[in-house]
Amino acid sequence: MLKRTLIEAANAAASEMLRFKDLDFKVSNKEGINNLVTEADHASEAAIISVIQKNFPEHQILSEECGELIQDSRYKWIIDPIDGTVNFAHGIPLCCISIAVEHDNKMVLGAVYNPFMNEFFIAERGKGATLNDKPIRVSKKEKVINSCLVTGFPYTYLDEPNGPLQVFERFIRKGIPVRRLGSAAIDLAWVACGRFDGFFEHKLQAWDSAAGFILVEEAGGVVTDLKGQPYSPYQPGIIASNGVLHDELGRWVRNEI
Ligand code: IPD
Ligand code: CA
Ligand code: CA
């Protein structure tokens with residue numbers, strides 16, 4: 001029932017994204033420069049929440065645009081109605097719906113669905129991860145120097161020592177490819193299916209990473225914070241990888257190499 005609801009909610013949101021794609025939708029700005037929200041984000045969010053509340057009215061919800069619904073339940077749905085909104089607003093087909101289910105403070109289900117590429121990733125605690133119903137695994141790359149990485153940048157730049165651009169520069173100067181897709185949920189899903197060997201970012205919110213977190217773990221990878229400690233989506237930094245090169249990637253990110 002939980003998984004069926006997750007799939008139904010993601011499908012309902014995808015219909016909204018596809019419906020708005022060719023319309024002249026309204027775009028507004030949030031905090032920071034070019035931190036956009038569109039009518040489609042709100043429509044997608046409403047569609048997801050209505051499916052969840054139809055089936056589980058007592059569950060808690062944390063959703064990017066409408067905030068938190070705190071109730072007396074051991075379940076919490078963590079929702080990003082469109083991850084990659086800037087891409088969506090520009091017609092770039094790298095954006096998705098990201099929905100995770102947390103039970104007793106542990107992620108138990110996650111879905112990342114990019115309807116423009118027809119790619120639906122699902123992970124279930126203890127049962128693995130799939131892309132369009134086929135099992136996926138992380139890559140086997142052993143060394144950071146041979147890897148293909150991905151990262152992202154916050155809307156409001158973090159001017160701090162060893163900040164996002166400094167870490168990025170370090171890899172680029174060594175000739176290591178680091179892509180920037182503009183959707184953290186897709187970045188994580190693509191680590192899970194082995195397209196990327198690793199991902200790091202300095203400042204994410206729980207709705208950006210919750211579903212991707214369980215996808216990477218269930219595909220055999222490792223997710224930690226920037227210090228290499230067990231990951232919590234309620235703090236900002238993340239390193240996700242195939243596991244094999246995780247410690248080395250962490251040292252590169254922290255400038256300990
Ligand atoms: C953003 C994307 C991006 C990441 C930003 C997020 P949004 O989410 O995940 O890749 O770098 O930090 O805020 O605004 O498109 O939902
Ligand atoms: Ca997001
Ligand atoms: Ca979003």
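**Close-up views of a predicted model**

**View 1. Packing of helices H5 and H6.** The axes of H5 and H6 approach to within 8 Å and cross at roughly 0°. Angles under 35 degrees count as roughly parallel, and H5 and H6 are therefore roughly parallel to each other. On the H5 side, the contact is made by Ala 184, Ala 185, Leu 188, Ala 189, Val 191 and Ala 192. H6 contributes Asp 208, Ser 209, Gly 212, Phe 213, Leu 215 and Val 216. Sorted by class, the contact of H5 with H6 comprises nine nonpolar, two polar and one charged residues. The structure is a predicted model.

**View 2. Crossing of helices H4 and H7.** Helix H4 spans residues 164-173 and helix H7 spans residues 246-253. Their axes come within 9 Å, with a crossing angle of roughly 115°. Val 167, Arg 170 and Phe 171 of H4 meet Leu 249, Trp 252 and Val 253 of H7 in this contact. The contact of H4 with H7 has five nonpolar residues, one charged residue and no polar residues.

**View 3. The two domains of the protein chain.** The domain assignment divides the chain into domain 1 (2-135) and domain 2 (144-253). Taken over C-alpha atoms, the centres of domain 1 and domain 2 are separated by 21 Å. The contact of the two domains takes 41 residues from domain 1 and 26 residues from domain 2.

**View 4. The largest pocket and its centre.** The largest pocket has a volume of about 800 Å³. Its lining consists of 33 residues. Those nearest the centre of the pocket are Asn 35, Phe 153, Pro 154, Tyr 155 and Asp 208. Asp 208 is also one of the H6 residues in the contact with H5.

**View 5. Origin of the pocket lining.** Both domain 1 (2-135) and domain 2 (144-253) supply at least three residues each to the lining of the largest pocket. At least two lining residues come from each of strand S5 (75-83), helix H3 (85-89), helix H5 (184-192) and helix H6 (206-218). By class, the lining is made up of 12 charged, 11 polar and 10 nonpolar residues.

Key: Residues numbered from 1 in each chain as written. Chains lettered and ligands numbered in written order. Predicted model: local features only at pLDDT ≥ 70, side-chain atom pairs only at ≥ 80, totals over all residues. Heavy atoms only, no water. 1 Å grid on protein atoms, 1.4 Å probe; cavity = no way out; pocket = protein on both sides within 12 Å on 5 of 7 lines; lining within 4 Å. Points joined across faces, edges and corners; volume = space filled by probe spheres on them. Helix = DSSP H or I, 4+ residues; strand = E, 2+ residues; numbered from the N terminus. Nonpolar A, V, L, I, M, F, W, Y, C, P; charged D, E, K, R; others polar. Domains from an automatic or database assignment. Axes fitted to C-alpha atoms, helices over the stretch in contact; angles between N-to-C directions. Parallel < 35°, antiparallel > 145°, perpendicular 65-115°, else oblique. Contact = heavy atoms within 4.5 Å.
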